[in-house]
Amino acid sequence: MLVGHTQLQHLELHRCKSPDGATGVAQLLAHLQPLQQLTHLGMVASLGTGEGDGGSPPAAAYAALTASINLRSLDLRWCTLPPGVWQHVFPAGRQLQHLQVLDIGNVRQAGPSDYGPAPAGTLLVSCCPALRSLYMPYLTLSGAEVLGPLQGLSGLHALRLATVSTPCAQGLQSVGQLTGLRDLRIGCNEDMKESILRRLTLLQQLTNLSVGRLNTKFVNLTCKVRFVAKI
């Protein structure tokens with residue numbers, strides 16, 4: 001279907017599973033490589049293989065996801081990707097100057113882990129300097145490595161996270177330094193909520209703050225920092 005359509009600008013695949021397992025995923029990635037005019041790529045739950053499907057293609061094959069330097073939005077929610085994939089999706093030296101929206105929520109890593117690792121913040125800052133919206137709930141956050149460098153994204157206005165452990169919550173200290181944020185949504189266990197809110201008192205540009213229980217609908221709070229500071 002994709003062969004020959006090199007001028008394609010918008011491609012969205014939703015829950016498309018290859019009957020050929022890893023071989024089929026590798027073929028799909030190979031067909032994405034020539035699509036140099038893509039501005040929107042959505043692959044929701046369309047990259048992954050099940051047990052007995054021969055694993056995943058090599059991590060380097062996933063560089064095809066960002067082959068188009070014209071990308072404005074990239075949606076990889078619910079995909080299963082191999083270890084070490086982010087350094088190929090966001091390689092050093094590649095500039096995605098137009099990428100404004102990145103959604104990698106619920107990305108799983110092939111293997112026993114339930115939650116995949118978030119990409120290092122340094123990769124995102126160097127490769128995607130124009131990011132305005134970054135959604136990565138239910139990824140493993142290693143505090144300073146992931147969130148600290150995001151201060152280099154001067155245009156970042158929207159951020160969505162979900163933390164499942166106390167060490168991850170402690171890493172949210174860096175989020176409190178992202179003073180340009182206007183929309184912040186954090187999923188957390190109930191016992192973490194107060195601690196997280198206390199870390200956000202410097203975010204004076206916030207117009208929307210959502211802090212809610214995991215696996216439930218976020219509670220929307222339209223607020224200013226003076227409200228957060230009193231919590």
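Close-up 1. Glu190 is partly exposed, with a relative accessible area of 40%; here buried means under 20% relative accessible area, exposed over 50%, and partly exposed in between (1.4 Å probe, protein chains only). Lys193 is also partly exposed, at 23%. Their side chains form a salt bridge with an N to O distance of 3.4 Å. A salt bridge is counted when a side-chain nitrogen of Lys or Arg is within 4 Å of a carboxyl oxygen of Asp or Glu. The model is a predicted one, in which local features need pLDDT of at least 70 and side-chain atom pairs count only at pLDDT 80 or more, while totals for chains, interfaces and linings use all residues. Residues are numbered from 1 along each chain as its sequence is written, and side-chain values use heavy atoms, with hydrogens and water left out.

**Close-up 2. Salt bridge between Asp103 and Arg77.** The count of salt bridges comes to five. In one of them, the side chains of Asp103 and Arg77 meet at 3.5 Å, N to O. Asp103 belongs to strand E5 (residues 101-103) and Arg77 to the loop between strand E3 (73-75) and strand E4 (80-81), so the pair ties together parts that are 26 residues apart in sequence. Helices (H or I, at least four residues) and strands (E, at least two) are DSSP runs, numbered from the N terminus. Asp103 is buried at 12% relative accessible area, whereas Arg77 is partly exposed at 30%.

Close-up 3. Strand E8 (residues 158-162) and strand E9 (residues 183-188) run parallel and are joined by five bridges; two strands pair if DSSP finds at least two bridges between them. Ala158 has Asp183 of E9 as its bridge partner. Six bridges pair E9 with strand E10 (residues 208-213), again in the parallel sense. Opposite Leu184 stands Leu209 in E10. From E9 the chain passes through helix H6 (residues 193-198) to E10, in a right-handed β-α-β crossover. Right-handed means that, with the strands pointing away from the viewer, the path from the first strand over the helix to the second runs clockwise.

**Close-up 4. Salt bridge between Arg185 and Asp183.** The closest N and O atoms of Arg185 and Asp183 are 3.4 Å apart in this salt bridge. Arg185 is partly exposed, with a relative accessible area of 25%.

**Close-up 5. Aromatic pair of Trp86 and Phe90.** Rings of Phe, Tyr and Trp (its six-membered ring) pair if their centres lie within 6.5 Å; planes under 30 degrees apart count as stacked, over 60 as edge-to-face and the rest as tilted. One aromatic pair is counted by this rule. Trp86 and Phe90 form a stacked pair, 5.9 Å centre to centre with 20 degrees between the planes. Trp86 is buried at 8% relative accessible area, and Phe90 is buried at 0%.

**Close-up 6. Arg160 over the ring of Tyr135.** Arg160 lies over the face of Tyr135, 4.6 Å from the ring centre. A charge sits over a ring if NZ of Lys or CZ of Arg is within 6 Å of the ring centre and within 35 degrees of the ring normal.

**Close-up 7. Cys127 and Cys128.** A search of the whole structure finds zero disulfides, a disulfide being a pair of cysteine sulfur atoms within 2.5 Å. Cys127 is in no disulfide, and its nearest cysteine sulfur, that of Cys128, is 4.3 Å away. Cys127 is buried, at 0% relative accessibility.
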